[in-house]
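These are my notebook entries on one structure. I set out to look up its charged pairs and then its sheet.

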Amino acid sequence: LAPGDLPLNVEAAAFTPAGTLLLGLRFPVTDKGEPVLVEVAGVEGMFDGDAQTWPEVTGAYALTGVTPPGALVGFRALTATGDGGYEAVVGSIDALGKGSVLLDDHPEGGDVTSRHIRFRLPTPDGGRRVAAEIVEDLAPFHNVEGLAVDGDQRIYVTDEDHRVAVWLG
């Protein structure tokens, strides 16, 4: 570790139709406080025994339209919808009340409630900023940690007050 290093928190993952893996970062976020996705290819090479290879980053994206003014928002859950789209939960970059060094440095990333969002990645020649829409504001929940979508049924997993619960939306 070197002075100035920041934590890298991979919080969510989903495969694309092309077989690449999207990694949703809880932190870091963009300089505008937006959540970041990193796309990697070749994940299967990590499991090829003696011929082990490491994945290669093929893209990085910033999701726009989901960060409240003055806040930092990171990924908390991510799922592919089967039609080429994705749904996710974004929210605070770390839990409040646990002595987070990250929140000591970035308090604007703590008191943020979770939001369920929807987006599509751009075409390969498209940009790196991805417009997302808010499906539902999940207030008062701060710690929505999981998401499953089946048609119109949404299932959330929360970790509020050290209590894990399933919530049907």
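I searched the whole structure for salt bridges and found eight; a salt bridge is a side-chain nitrogen of Lys or Arg within 4 Å of a carboxyl oxygen of Asp or Glu. The model is predicted, so I note that local features need pLDDT of at least 70 and side-chain atom pairs count only at pLDDT 80 or more, while totals for chains, interfaces and linings use all residues. Residues are numbered from 1 along each chain as its sequence is written, and side-chain values use heavy atoms, with hydrogens and water left out.

I looked up Arg26 and found a salt bridge with Glu145, the closest N and O atoms being 3.1 Å apart. Arg26 lies in strand E2 and Glu145 in strand E9 (residues 144–150), 119 residues apart; strands are DSSP runs of at least two residues (E), numbered from the N terminus. Arg26 is buried, at 6% relative accessible area, whereas Glu145 is partly exposed, at 28%. Buried means under 20% relative accessible area, exposed over 50%, and partly exposed in between (1.4 Å probe, protein chains only).

I next examined Arg118, which meets Glu87 in a salt bridge (3.3 Å, N to O). Arg118 lies in strand E7 and Glu87 in strand E6, so this pair ties together parts 31 residues apart in sequence. Arg118 also meets Glu133 in a salt bridge (4.0 Å, N to O).

I then recorded the sheet: eight strands form an open sheet in the order E1-E2-E3-E4-E8-E7-E6-E5, with mixed pairing. Two strands pair if DSSP finds at least two bridges between them. The edge strands are E1 and E5.

Notes. Helix = DSSP H or I, 4+ residues; strand = E, 2+ residues; numbered from the N terminus.
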